[in-house]
Amino acid sequence: MALFLLLLFIFLQVTDGIFTFHGVIKNIGYEANPILAYSMRRFGLVETLVVVKLLASLCGYFLYKLCNDGRAYLMLIIAVVIYSINFVWHIIIFSLHGWH
């Protein structure tokens with residue numbers, strides 16, 4: 001189960017990066033995190049998203065490795081739930097504004 005959660009978390013990170021990229025490029029939305037927004041302006045959209053999503057995936061991997069600790073397992077579950085909600089939110093936004 002923990003491996004499934006890790007793979008799902010990484011999938012959600014990748015899709016979040018893709019949705020964020022398209023949302024910013026198409027002016028459908030903007031990056032709400034001011035640190036990431038600054039980094040996107042300073043270093044580039046793709047560069048920032050790749051680094052941030054790799055770091056998030058690495059954090060997910062560390063939680064996976066610690067899953068024998070119930071708290072780490074719970075944190076991984078919470079992260080998957082949050083990013084699942086975020087995934088649905090992106091689907092709704094892109095459905096309203098179009099996918100092109």
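## Contacts and overall fold

Among contacts (heavy atoms within 4.5 Å) with a separation of 6 or more, 71% are accounted for by residues 24 or more positions apart. This is a predicted model, in which local features need pLDDT of at least 70 and side-chain atom pairs count only at pLDDT 80 or more, while totals for chains, interfaces and linings use all residues. Residues are numbered from 1 along each chain as its sequence is written, and side-chain values use heavy atoms, with hydrogens and water left out.

The chain contains four helices and zero strands, in the order α-α-α-α from the N terminus. Helices and strands are DSSP runs numbered from the N terminus (H or I, at least four residues, for helices; E, at least two, for strands). The C-alpha trace spans about 45 × 30 × 20 Å along its principal axes. Of the 100 residues, 35% count as buried; buried means under 20% relative accessible area, exposed over 50%, and partly exposed in between, with a 1.4 Å probe and protein chains only.

## Helix H1

Helix H1 covers residues 2-25. Its 24 residues reach 35 Å from the first C-alpha to the last, close to the 34 Å expected at 1.5 Å a residue; the expected span is 1.5 Å times one less than the number of residues. Asparagine 27, with a positive phi near 55°, follows H1.

The buried residues of H1 include Leu5, Leu6, Phe9, Leu12, Asp16 and Phe19. Helix H2 (34-43), helix H3 (45-65) and H4 are what the buried residues of H1 pack against. Threonine 20, also in H1, counts as buried because its relative accessibility is 11%. Leaving aside residues up to four places away in sequence, threonine 20 touches Glu31, Met40, Leu49 and His90.

## Helix H4 and its crossing with H1

The end C-alpha atoms of H4 are 41 Å apart, in agreement with the 40 Å that its 28 residues should span at 1.5 Å a residue. Ala72, Leu76, Ala79, Val80, His90, Ile93 and Phe94 are the buried residues of H4, and they pack against H1 and H3. H4 is followed by glycine 98, whose phi is positive, near 90°.

The axes of H1 and H4 (residues 70-97) come within 9 Å and cross at roughly 35°. Axes are lines fitted to C-alpha atoms, for helices over the stretch in contact, and angles run from 0 to 180 degrees between N-to-C directions. The crossing is left-handed, meaning that the near helix is turned anticlockwise from the far one by less than a right angle. By class, the contact of H1 with H4 has 17 nonpolar, eight polar and one charged residues. Here Ala, Val, Leu, Ile, Met, Phe, Trp, Tyr, Cys and Pro count as nonpolar, Asp, Glu, Lys and Arg as charged, and the others, Gly among them, as polar.

## Cysteines

A search of the whole structure finds zero disulfides (pairs of cysteine sulfur atoms within 2.5 Å). Cysteine 59 is in no disulfide, and the nearest cysteine sulfur, that of cysteine 67, is 14 Å away. Cysteine 59 is partly exposed, with a relative accessible area of 48%, whereas cysteine 67 is buried at 15%.
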